[in-house]
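Hi,

Here is the structure I promised to pass on to you. Have a look at it first, and then read my notes below.

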Amino acid sequence: MKTDNLRQQLRRTLRRDLWITIVPTLLIIGIAFAVTLYFVKPAPPKTLVLAMAQDEGGFSYFARRYQKVLAQHGVTLELRPTKGSVTSIQLLTEATSGVDVAFVQSGAVGEVKDSNVVSLGSLSYVPLWVFYRGEPLEDVRGLKGRRIAVGDAESGTRALALTLLKANGADQAPTELLPLGRDASIEQLKKGEVDAVVLVAPAESPAIQKLTAVPGVRLMSFTRAEAYTRRYTYLSKLVLPRGVFDLAADIPAHDVVLLAPTANLVARDTLHPALAYLLLRAASEVHGSAGMLDRTGEFPAPLEAGFPLSSEASRYYEAGVPLLQRYLPFWAANLVDRLWVMLVPILAVVIPLGRAVPAIYLWRVRSRIFRWYARLKEIEIQLDEKPGRHQLEDMLRRLEEAERAVNQIPVPLAYAENLYFFREHIDVVRRRLARGLAETPEDGAPHPEAPVPSPQGAG
């Protein structure tokens, strides 16, 4: 019965020690992980919404190619058609629109320049084409007083056309500005119902190449292109080489100087960093090859777009694709990138505590035994003071009480050696007390001839 009680007491004590040691440890680890999770980036969404104007800059063609690239990485790109770049930018600024990114034309920023929109870079040149009828003109100022199709009201084409016409004083009456779309503008120019059309499109556009060959229709060459690029930094000066559209027919018949804004990829400043890098990788794949006016590897590029360049885009243009995305699939790279932050509590908290917990537990077990060493030391100090027989007997009694008390201490088997070490030390002090009792007569005077008892007879 007594043995069973001791075993139950041992179990209770061990459970108490474990709880006292482990619970604070788990609490500290939990707090560390909770703080770390606060800084872990959420997983990127699997769907992106792209706003783009179908009649501007070949955006529809580019959007379909982006869809294919992103689908290979498990991301769905939904397309949101708009009336123009101005509308696309406005959708980005509206939190409830659901639009994440947009293709826009540089120069169409307008009043939203200081919004929450950032640029991921320029994608290609989309030249400004001015086709007209009549005598040769050197600049848009020669269009004053004519009927000009300048694009839909919310288009980037109209925004750029109005900027150039206003700078030349050619936007006021009797000039007539017609809000016609691309197809309608081309048809009316062919029929002679308008005097000029302003278009923004890639040089590879079939509509542009066909219009260049229409009899009686001229393509304007900007003789003051350099001046425009100095005043409007989002414009570039390009030269369309003679015969590039049709060598046999020699179209165009001479080099044509063009002004070119750029097609740009812009996004909300809250776009997930992983998706920003994925879009930039898609941009390099779609726009990295050479074109009629673009060199291989020229795009994407951090050109002036009217919006600040995002931090992810800055790092991409400086160092390229992040290391993880170079060697791992998109989902795996993103997972590792998110979880590496969890190494912080593991390295800073879990590993040190993993080493400290066994030491703390051992200290709790040993502390129950070690506190009795104070009584053992007290007895030894009193032995050095040449005590009398009565004091020696009292010291022996206290020593035996300490031994009985220590024998009742519940100690796990793994730490039982500490208990036996203490009992050995008790035997050492007991032998000294036995010698002292043997050398001290009943009257308390020392007896030098008294034999020293052997350790086996002690106690």
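Predicted model: local features only at pLDDT ≥ 70, side-chain atom pairs only at ≥ 80, totals over all residues.

E5 runs antiparallel to E9 (residues 217-219), and three bridges join the two. E5 also runs antiparallel to strand E8 (residues 196-200), this time with five bridges. One of the pairings there is tryptophan 129 with leucine 199 in E8.

Next, a loop. Between strand E10 (236-240) and strand E11 (256-260) you will find histidine 254. Leaving aside residues up to four places away in sequence, histidine 254 touches Leu240 and Arg242. Glycine 243 is 11 residues from histidine 254 in sequence, and their C-alpha atoms are 7.3 Å apart in space.

Finally, the largest pocket, which holds about 490 Å³ of space. It is lined by 30 residues, and the closest to its centre are Gly58, Tyr61, Phe62, Pro202 and Glu204. Helix H2 (59-71), strand E4 (117-125) and helix H8 (273-287) each give two or more residues to this lining. The largest share, six residues, comes from H2. By type, the lining divides into 14 nonpolar, nine polar and seven charged residues.

Enjoy exploring!

Methods
Residues numbered from 1 in each chain as written. Heavy atoms only, no water. Pairing = 2+ DSSP bridges. Helix = DSSP H or I, 4+ residues; strand = E, 2+ residues; numbered from the N terminus. Contact = heavy atoms within 4.5 Å. 1 Å grid on protein atoms, 1.4 Å probe; cavity = no way out; pocket = protein on both sides within 12 Å on 5 of 7 lines; lining within 4 Å. Points joined across faces, edges and corners; volume = space filled by probe spheres on them. Nonpolar A, V, L, I, M, F, W, Y, C, P; charged D, E, K, R; others polar.
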